[in-house]
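Here's a quick briefing to read alongside the structure. Take a look at the picture first, then work through the points below.

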Number of protein chains: 2
Amino acid sequence: MDLAINADDVRRAAERIRPLAQKTPVFTSAGFDTEAGSRVFFKCENLQRGGAFKIRGASNLILSLPEAVLARGVVAYSSGNHAQATAIAAKHVGAQATIVMPEDAPRSKMEATRARGARIVTYNRFTESREALAAAILKESGATLVPPFDHPMIMAGQGTAALELLEEVGQLDALITPVGGGGLLSGCATIAKAIHPAIRVFGAEPEGANDTFLSLKAGERVSVPHPDTIADGLRSPKPGELTFPVLQRLVERVVLVTDAEMRAAVKFMLLRLKILVEPSGASSVAAVLFHKLPPEIRSVGVVISGGNVDFEELIGY
Amino acid sequence: MDLAINADDVRRAAERIRPLAQKTPVFTSAGFDTEAGSRVFFKCENLQRGGAFKIRGASNLILSLPEAVLARGVVAYSSGNHAQATAIAAKHVGAQATIVMPEDAPRSKMEATRARGARIVTYNRFTESREALAAAILKESGATLVPPFDHPMIMAGQGTAALELLEEVGQLDALITPVGGGGLLSGCATIAKAIHPAIRVFGAEPEGANDTFLSLKAGERVSVPHPDTIADGLRSPKPGELTFPVLQRLVERVVLVTDAEMRAAVKFMLLRLKILVEPSGASSVAAVLFHKLPPEIRSVGVVISGGNVDFEELIGY
């Protein structure tokens, strides 16, 4: 079966998103390397525009749409980083973004999204379906849906994080990224394997949201109906239809991390590297810090996916 | 009167410290610029080795010492970033560092210093004089004192932060750094004025430790016997004998910031730029965020001096 994207899609995405996504820095830390027992290169998407890698995929899709399509607007359903990214990219091209959010989403996230010029439509998480609501908006407005992960343009856009990392640091034994729906991991695996076929690619998933871990074991997409983890960006219940075959083909293994390990990784990155990483973004960091990768791996690229944490949440660690 | 250092001293320091100090990144933030009303370029010394700019001065002095002198060791009295920096630089050249610290210094700082291979000598802050203790150690061992700010090699070393910043971003209307004893500000002012004579140089000082502010007003060095501020790195009671004449000649004004303003700046940098800044390091940030500089300034370089905060302290904000 053909996969949804190839390395050229990622390379084209890198060109396309240049006006919107930043080339984020790569950090290293001798102290972290000592703890981890390998050389670690952090791709800091927490320092990305909007505070997460999501701008890469959202802008790759939105910047590829014809003007007449953009004129009818774009829609995303998310209470998190993907909503911000969609709002930023839409604003950049002058399109109206509509974000469907649960009515009990954190006020700070709603305000940040509104400040980007997006229209917010809220729903009751317990009595309404966001998919039905989004479908109604799409039908009525003729707007385009910007899905959070299961779309070739989204997957290719997210892969540009790994492209930049490998262009900067050269060959690595391994690469690891967080896994939610698999958009970031599928895009990164695609380009990494094309540049360095011997690179070993891993995903990091919370124990309480281990749908991709279970799906890879089962050989088919398996649902975890009620994900339970502090990593709010990784609570998608099931890998994507398009992302999953890419992960099956290119990813060696998904390793699991606990909430406590992610909290410890957040604190390490904050106090030692002086950067703020959100729990979801720290899943890949935790995997390396707690020695979940094969011990023969001497150098590893770690994608830190985001840094959007509320202060009130952080002080609970 | 001749000043203690000139621009060539800073340029030579930049060469000398290259093996030890990192070229730290310069961050910008559209969100911060909007709040501040000017274009702001953050020189991120919180991302420096040891978590603060102090490695620049300490390594400039230590790397200039002959081997025979280094063999007798180096001594610093500090419970903070300068102790770390002295320990790191001493270890690099294989010299024994002795750090004189109050016996009630935070355990984390003692352990971090010891982990760098330094010997720690403690004293009782209420009954003993650290200067007398250090003098006894120096006399007995023949070691060299690495003073925290009032030394030409220290001042020149600290100035390399501004040299790197201006080389990277080009001409700026203004430059601002935190002021404790004046080592960082005097070094940065020296090189900034040499590169761009029209640049306006400012210092940021806590209201509760406003010795440099008062000294500049008085035209002579004035003491604030009991500095009271959360900015633990800026509690020196009096500007230096060597630093003060430089500040008098080259600094337009020292602006004052409150503890609350520094806390707000720490939070802004953490939640929006995703980097951890310590209160002392955020004094310069707070000055710009709270519009303490003349409004006609359109572009400003802000030196963030450090990022060493205990988690327990941070969550109190």
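At the start of α1(A), A:N6 has a side-chain oxygen that comes to within 2.9 Å of the backbone nitrogen of A:D8. Keep in mind that this is a predicted model. From that helix start, we'll go along α1(A) and then over to the place where the chains meet.

**Helix α1 of chain A**

- This helix covers residues 7–16, and A:A7, A:V10, A:A13 and A:A14 are buried in it.
- Look down the axis of α1(A) and its buried residues sit within an arc of 115 degrees, so they line one face of the helix.
- What do these buried residues pack against? Their partners are α3 (54–62), α8 (152–169) and α9 (183–195), which belong to chain A.

**Where chain B meets chain A**

- On chain B, 18 residues are in contact with 18 residues of chain A.
- Together the two chains bury about 1,500 Å², and 74% of that is on carbon and sulfur atoms.
- B:K274, B:L276 and B:F311 are the trio to look for: they supply 43% of the area chain B buries against chain A, more than any other three residues.

**What makes up the interface**

- The rule finds zero salt bridges between chain B and chain A, but it does find six residue pairs in polar contact.
- On chain B's side, the elements giving two or more residues are α12 (259–271) and α14 (311–314).
- Of the elements there, α12(B) gives the most, with three residues.
- Sorted by class, chain B's side has twelve nonpolar, four polar and two charged residues.

Conventions: Residues numbered from 1 in each chain as written. Chains lettered and ligands numbered in written order. Predicted model: local features only at pLDDT ≥ 70, side-chain atom pairs only at ≥ 80, totals over all residues. Heavy atoms only, no water. Contact = heavy atoms within 4.5 Å. Buried area = accessible area lost by both parts, 1.4 Å probe. Salt bridge = Lys/Arg side-chain N within 4 Å of Asp/Glu carboxyl O. Polar contact = N/O pair within 3.5 Å; in protein donor to acceptor, adjacent residues only side chain to side chain. Helix = DSSP H or I, 4+ residues; strand = E, 2+ residues; numbered from the N terminus. Nonpolar A, V, L, I, M, F, W, Y, C, P; charged D, E, K, R; others polar. Buried < 20%, exposed > 50% of the residue type's maximum accessible area, 1.4 Å probe, protein only. Arc of directions from axis to C-beta.
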